Amino acid sequence: MHEARIGTAMPVAARAPALMPLEVRGLAYEAGGAALVDGIDLTLTAGEITIVLGANGAGKSLLLRLLHGLIPASRGEMLWNGSPLDRMVRARQAMVFQKPVLLRRSVAANIDFVLAARGGRDAARRDALLHEVGLSDHAGQPARLLSGGEQQRLALARALATRPEVLFLDEPTASLDPASIVKIEQMVAAAHGVGTKIVFVTQDLGQARRLAGDVVFLSRGRVAEHSPAEEFFAEPASEAARDYISGRIVI
Ligand SMILES: Nc1ncnc2c1ncn2[C@@H]1O[C@H](COP(=O)(O)OP(=O)(O)OP(=O)(O)O)[C@@H](O)[C@H]1O
Ligand SMILES: [Mg+2]
């Protein structure tokens with residue numbers, strides 16, 4: 001039985017992110033003489049949650065880092081609604097990493113820091129964000145003492161604090177318990193609902209089905225397939241995706 005979908009098409013009232021669409025042509029990233037990501041052609045639009053799937057080492061994290069400007073492309077072109085990825089564009093995006101990156105400060109100070117960097121402290125907004133991710137009781141505690149799942153929720157709250165137009169999430173629920181996973185998915189769906197473009201990497205096919213509007217499937221550093229979610233899960237076009245979904249992972 002299919003699980004209920006959380007991600008829906010963007011409500012009409014929501015403001016489409018001005019950074020979209022994203023047009024990527026021939027994007028590549030090389031390190032140590034090897035092309036780890038290559039020949040990426042991709043068009044992402046505002047309307048749907050984009051799920052990125054692929055086996056370990058397929059290049060999912062590298063692709064997100066390229067799209068967010070954390071590593072330089074070796075080749076290719078990327079345009080965010082016609083603009084190259086400069087500091088201004090990047091400031092309108094946020095990312096939640098596979099391993100949470102937090103400041104060695106209190107939970108509350110981690111959010112204050114981001115809010116201060118983007119135009120001013122706002123204690124009410126900080127407290128609302130902490131409440132949303134269920135961390136109000138930990139506000140004064142050092143962030144590094146949080147559990148892995150709690151750190152991941154704080155990382156999401158911090159990313160949302162900036163009200164990004166584009167939010168990249170790299171396996172944000174990989175180490176979370178079921179209740180925390182639901183909470184994160186609801187927050188991501190809510191951000192999508194107010195017009196944030198979501199690009200979400202996961203290995204959890206149930207989660208992918210719940211959230212996905214479209215699916216980008218990576219195999220060996222290339223886009224093997226990019227399809228609407230219904231099509232992808234009904235019948236993947238690529239052999240690599242068929243193997244992945246059926247558990248026959250080919251590296
Ligand atoms: N700086 C680097 N130098 C050399 N190889 C790298 C570098 N960064 C990543 N790689 C390699 O590139 C490949 C893709 O890495 P990436 O982290 O994007 O995979 P992934 O799809 O996110 O995998 P996972 O599901 O395990 O998170 C891997 O084989 C990895 O070892
Ligand atoms: Mg990864």
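Student: How many residues does the largest nonpolar core have, and which of them have the most contacts inside it?

Tutor: This is a predicted model, in which local features need pLDDT of at least 70 and side-chain atom pairs count only at pLDDT 80 or more, while totals for chains, interfaces and linings use all residues. Residues are numbered from 1 along each chain as its sequence is written, and side-chain values use heavy atoms, with hydrogens and water left out. A nonpolar core here is a set of buried Ala, Val, Leu, Ile, Met, Phe, Trp, Tyr and Cys residues joined through side-chain atoms within 4.5 Å, where buried stands for under 20% relative accessible area, computed with a 1.4 Å probe and protein chains only. The largest such core has 46 residues, and L53, L154 and L167 have the most contacts inside it. Its largest share, seven residues, is supplied by helix α5, residues 148–161, a helix being a DSSP run of H or I with at least four residues, numbered from the N terminus. Once neighbours within four places in sequence are left aside, L167 is in contact (heavy atoms within 4.5 Å) with A94, M95, V96, L156, A159, L160, T196, K197, I198 and V199. A second, separate core has 28 residues, among them L44, L64, L67 and M95. As background, nonpolar side chains tend to be buried together in soluble globular proteins.

Methods: Chains lettered and ligands numbered in written order. Buried < 20%, exposed > 50% of the residue type's maximum accessible area, 1.4 Å probe, protein only. Helix = DSSP H or I, 4+ residues; strand = E, 2+ residues; numbered from the N terminus.
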